[in-house]
Amino acid sequence: MPGELWWKTGTVYQVYPRSFQDANGDGVGDLKGITARLDYLAWLGVDAVWLSPVCRSPMADYGYDVSDYCDIDPLFGTLADFDRFVAEAHRHRLKVIMDFVPNHSSVEHPWFRESRSSRDNPKRDWYIWRDPKPDGSPPNNWVSNFGGPAWTRDPATGQFYYHAFLKEQPDLNWRNPEVRRAMLDVLRFWLDRGVDGFRVDVIWHLIKDEALRDNPPNPDYVPGDAAINSLTPLYSADQPEVMDVIAEMRAVLDGYDERVLIGEIYLPLERLMAYYGVDLSGAHLPFNFQLIQTRWHAETIAALVAEYEAALPPGGWPNWVLGNHDQPRIAARVGAPQGRVAAVLLLTLRGTPTLYYGDEIGLAQVPIPPERARDPWERNEPGRGRDPARTPMQWEASPGAGFSAAEPWLPLDPRAATCNVETLRDDPGSILTLYRRLLALRREHTALSLGAYRAVSVEDDVLVYEREHDGEVLRMLLNFGHAACTVPLPAENGWRVLLSSSGSRIGERPRDGHLALAGDEALVLLREPLAPPTATLDPS
């Protein structure tokens, strides 16, 4: 909308580049492939494309181990390919958000090679090195997010280096001013190439306790949980000084027009809000993962939304996420019928929504045979791998689903013959049509993009809320249950159905103050003035 910031009114669409479109026939997606599919994203109705990492990388963690922050990995193409992608995205009126991975580099990054070469190398302090304990064990008890110790001993110098994730991903020392300057220059490099914003990976990890104290045991840990949950990360993340770092990043972006800073933050709500920064000087959008982590139940969701809205700092803009490359697909978590309800929820709550590629065609968790597993977390802790949520996008009912002429790097969904864009795009009752209609409604009705949120009721399995802007009122009715029910409507108003998650009922006008709601159905209603009663002639 004119005068409004695009990242407030728009919808973000996350692309996992390895899995979106393969243009060169090697079974892996690439930048030319993504560029070729921009027509689809414009047709769908999203406003921004967020790319998971495409920088040069040995791919120990599939791009989250960067060996050159200012170059494109040959697997995805070249800098020229990236520039063409940005230009074409902008031609399609799509913004470009890039993944920025500042917490750790690759062991193959020139900075780390210098750092590990000797204890007195000028870049030694660019990473976190410590002597072993007297018994030769690691400096503290910190655990890697991917299982196992978070410290690896370097035989050449006898010290340990810290890595919050894989040993191939050494953590940078963000307490070092030279590191900060170098990484802020990376932001400028991409901003100067036209990037419209960044999603900052594990932003809450950037600063560690200066004394590197042991983390305390987690009293809620249950054997069988991921190893990272065995300790409370009191000292390994979310340190007060991280806010200064984020403010410095924000200041760089504020030197350019309408750029957005998004932070990946898995923290409790009260800590999440701190990342908006003092006087909103932090991340524009600290990612809100509450819908991913909560129980799928009407009362629980209603309480979550109320708590989140109440916790926002004055002027803080909300955002909502249903899925991403690290989490099980929404259709797998709640089932296909409720996946439609989830789509309505995501795209009608107040704030900026982020869609994960493939959710709009109903992709679920794809079974991955052990011999085809790629995720390093799966190798370290079997059963926790993220591959099932990273499988190729399905475009058509062909052997490669239109993704690649070669064997895809991960298996396709067994339902690919019917679960694909070509099959679903002209079906008025498909989930793809539902997503497209919802995105169109957000553009047509300012109440959905900018309007206030008002809770109306939550009873049994049905959540009801409204969005209002400049006198326009839309009411959402979401049935989180499988049984049909009847929902009362205010008798003083008229209502018209704008959208049903089932694909039918559009234009329906309930007349008796009640509305039937099918199981697993969500409706969007528009409030309309009641027509005045028709005058009758006096027979006398």
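I began with the largest cavity, which holds about 70 Å³ of space. A cavity here is a set of points on a 1 Å grid over the protein atoms alone where a 1.4 Å probe fits but cannot get out, and its volume is the space filled by probe spheres set on the points, which are joined across faces, edges and corners. The model is predicted, so local features need pLDDT of at least 70 and side-chain atom pairs count only at pLDDT 80 or more, while totals for chains, interfaces and linings use all residues. Residues are numbered from 1 along each chain as its sequence is written, and side-chain values use heavy atoms, with hydrogens and water left out.

I then listed the lining (residues with an atom within 4 Å of a point) and found that Tyr-69, Asp-99 and Trp-190 are among its members. Strand 5 (95-100) and helix 6 (177-191) are the elements that give two or more residues to this lining, and strand 5 supplies the largest share, 3 residues. Helices (H or I, at least four residues) and strands (E, at least two) are DSSP runs, numbered from the N terminus.

Next I traced the open sheet, whose 8 strands follow the order 11-10-9-5-2-1-13-12 with parallel pairing; two strands pair if DSSP finds at least two bridges between them. Strand 11 (285-286) and strand 12 (319-321) stand at the edges with a single partner strand each, so one side of each is left without a neighbour in the sheet. Strand 1 (residues 12-15) runs parallel to strand 2 (residues 48-51), joined by 4 bridges, and I noted Gln-14 opposite Trp-50 in strand 2.

Definitions and conventions: On a 1 Å grid over the protein atoms alone, a cavity is a set of points where a 1.4 Å probe fits but cannot get out, and a pocket is an open set with protein on both sides within 12 Å along at least five of seven lines; lining residues have an atom within 4 Å of a point.
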